[in-house]
Amino acid sequence: MKKLIVIILFAFISSVASAQIAVDSLSSDALNQLLIEQVERLAEETEDEIDYEELLDNYIFYSENPININSDDIVNLLELRLINVFQYEALKNYRKFYGDFLFLDELEMVEGFDEQTVSIIKSIVYAGADNSKDKVTLQKMAKYGKHQIVARYEQVLEDQQGYEKVDDAEMLEHQGQHFLGNPQKYQVKYTYNYRNKIRFGFAAEKDPGEMFFTDKISDTIKMVLGDKYHKGFDIYGFHVYANDLGIVKDAALGDYQLSFGQGLTLWSGMSFGKTVDGSSVMKQGRGLKPKTSSTEFGYFRGAAVTLHHKDFYGTFFYSNRKIDANISVADSLNEAEMVSSLQETGYHRTIGELLDRNAIRQQVFGGHIAYANSHLEIGYTLHHTRLNAELLLQPSHYNQFYFQGKQLTNQGIDIKYVKNKFALFGEAAMSDNKAFAGLVGVTARPTGYINFTLFYRNYDKKYQNLFSNAYAESSRGQGEEGIYFGMQAALAPYWNLLVYTDFFRMTWLTSQVYTPSWGHDYYAKLSHQVNRRASWNLVLRSKTKMKNSTDAFVFSHYPIFYTKNSVRFNINYKIGENWSLGNRANYEHYYNDDQTNSNGFFICQDVAYKPVGKPYSFSFRYAVFDTDDYNSRIYAYESDVLYSFSVPSLFDKGMRIYLLGHVKLFNSLSLYARIGRTIYSDKDEISSGPTLIKSNHKTDLKVEAIWKF
């Protein structure tokens with residue numbers, strides 16, 4: 001009765017408020033915008049070409065297979081960082097006090113859930129009876145299971161230098177300059193899902209330049225490649241996964257991912273780094289999950305299981321797979337005895353890249369045990385990595401403390417304590433060379449919609465781990481110390497402010513600067529939901545780091561500071577029910593102690609047409625950019641076919657356009673097609689080496705078909 005009265009009052013207040021201002025919380029635009037910002041930030045941090053499929057696969061999965069807000073699966077919202085730990089606790093308390101949700105509008109009654117959060121999660125949750133404990137039968141799986149097949153084709157249409165026909169002598173002399181395969185990229189995925197409890201599927205992919213069925217290779221090249229010569233897809237993967245089957249919380253066979261604690265001891269795959277949500281850097285380990293993407297590195301292959309009894313959990317796993325590595329010494333059978341580096345690009349296009357393919361075997365085994373109650377989580381992780389060939393790096397200024405050898409053992413303890421408006425989290429880890437790494441943080445919500453986070457990290461320069469993915473400025477999580485402060489505040493209804501500052505110090509040399517160094521990162525984002533049809537945000541960022549001077553008149557390297565300042569403004573608005581428009585403007589300014597100054601700007605117009613009740617839609621962008629050089633480059637997310645994200649790095653002077661179309665046929669088959677072109681006005685060649693295009697334009701094409709049944 002109490003809940004019914006509250007719901008009636010809420011419905012009345014909402015109807016009155018909607019006469020004044022209404023936010024379209026039923027749209028998934030808010031979730032899309034959140035992911036766009038995360039991906040752009042990741043692209044800026046890594047500065048490398050990345051396949052975002054694996055990182056975003058879980059978000060897409062739950063958008064198509066929503067989470068029941070009345071089940072324990074709501075922890076996935078926390079794991080995906082769509083809600084913070086206080087909102088998660090508030091959700092559980094609301095259900096405990098009032099019972100199950102009857103409809104999603106009740107979310108606005110939960111403490112700490114503002115309009116933005118509700119609009120983000122509404123697209124991937126539903127309110128229904130909790131049937132997660134129902135018995136799984138083959139009959140139910142056959143009747144209610146969902147099948148999906150995804151097939152995608154991609155290609156750069158211009159001729160690239162690496163595809164030019166050359167004789168065997170030229171190809172053998174320059175083993176990294178000539179592609180053996182065709183310029184097309186192919187991908188096929190099949191997945192089955194029964195109520196998010198039973199999942200299985202497979203994935204296969206061939207990158208541009210890699211050999212396929214129809215490529216003709218001479219006998220001479222085949223002899224050089226030996227057992228590395230093959231036809232077909234470059235990678236095949238499969239997974240079988242079960243969830244919440246009695247004492248078995250999770251079980252996986254085939255390809256899977258593991259993530260525990262704060263990622264310092266064991267976190268495979270990718271993760272968002274410095275989150276756009278400046279209020280929190282606290283991670284929520286996802287434990288054991290299937291690996292459903294075609295990403296070629298950073299995962300396990302074998303078997304794993306998570307068992308639970310009351311408040312105790314135990315995960316045990318074994319992985320055995322071949323990984324890419326550069327062979328420096330081989331025996332008479334061409335088996336690797338020593339390798340100089342591990343490779344993670346996933347490319348096998350040239351003779352050199354193919355010789356590195358599946359060069360060594362990597363075995364990993366271990367486990368994670370944990371105790372978790374309503375307030376406290378504490379876990380212990382231990383895993384051992386074994387290579388069948390010695391890893392001996394080429395000596396350099398900065399890699400003296402990197403892992404070398406055949407075996408590596410890592411262990412660590414993680415803890416999280418949440419009570420009322422306070423959360424403490426941390427992790428301490430050690431590698432078998434007795435080097436330590438640790439982090440500790442506190443998040444507090446003193447009042448209303450204000451969150452604060454204070455976070456300290458200290459990673460020893462000798463700490464070694466091949467599966468660490470904790471919060472860090474550097475990609476290795478080694479030889480770093482830093483302190484972070486972040487805040488998120490709802491300044492007023494429909495206004496939100498995110499800020500953070502991060503001060504860091506590298507305690508050893510890096511590939512960019514041959515001395516211990518330091519820097520800082522400042523970030524602020526102000527966003528406003530004007531009404532149900534319009535929203536805007538303004539982002540300011542300033543980041544200062546150190547690197548080696550490139551002064552040509554100096555014979556020795558010396559450190560200098562460089563700073564990159566960014567200003568970005570976005571506005572999105574709707575015209576009628578079918579048209580959506582967006583505008584974006586970026587300004588970048590780079591300068592360093594060598595008196596180098598570089599400026600860049602980017603502006604674009606986005607148009608999207610999604611007619612209500614129609615099975616088709618399209619989106620279009622026209623953009624212009626002008627940067628002085630690569631230092632002031634701009635990363636700009638682009639709409640893409642489903643399961644694919646595009647974030648090109650734009651620099652020099654030119655324009656970028658693309659057109660994306662979607663049509664749904666027979667209620668089960670969807671077709672996507674996307675074509676984009678970048679045209680430069682200040683150069684006649686694009687890229688270099690094997691990807692060199694002798695033209696001022698580059699055109700990319702993608703076609704995708706999705707069949708659901």
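This is a predicted model: local features need pLDDT of at least 70, side-chain atom pairs count only at pLDDT 80 or more; totals for chains, interfaces and linings use all residues.

Student: Which residues touch the most other members of the largest nonpolar core?

Tutor: In soluble globular proteins, nonpolar side chains tend to be buried together. Here the largest nonpolar core has 55 residues, and Leu 77, Leu 91 and Leu 107 touch the most other members. Several elements each supply at least two residues, among them helix 2 (29–46), helix 3 (53–64) and strand 16 (422–431). Helix 5 gives the most, with six residues. A second, separate core of 13 residues includes Ile 323 and Leu 393.

Student: How many salt bridges does a search of the whole structure find?

Tutor: The search finds 29. In one of them, Glu 205 and Lys 185 meet through their side chains at 3.5 Å, N to O. This pair links distant parts of the chain, with Glu 205 in strand 5 and Lys 185 in strand 4, 20 residues apart.

Student: Why does Glu 205 count as buried?

Tutor: Buried means under 20% relative accessible area. Glu 205 counts as buried because its relative accessibility is 3%. Lys 185, at 12%, therefore counts as buried as well. Lys 185 also forms a salt bridge with Asp 207, where the closest N and O atoms are 3.9 Å apart.

Student: Which residues are linked in a network of salt bridges?

Tutor: The network links Glu 638, Asp 640, Arg 656, Arg 674, Asp 700 and Lys 702.

Conventions:
Residues are numbered from 1 along each chain as its sequence is written. Side-chain values use heavy atoms; hydrogens and water are left out. A nonpolar core is a set of buried Ala, Val, Leu, Ile, Met, Phe, Trp, Tyr and Cys residues joined through side-chain atoms within 4.5 Å. Buried means under 20% relative accessible area, exposed over 50%, partly exposed in between (1.4 Å probe, protein chains only). Helices (H or I, at least four residues) and strands (E, at least two) are DSSP runs, numbered from the N terminus. A salt bridge is a side-chain nitrogen of Lys or Arg within 4 Å of a carboxyl oxygen of Asp or Glu.
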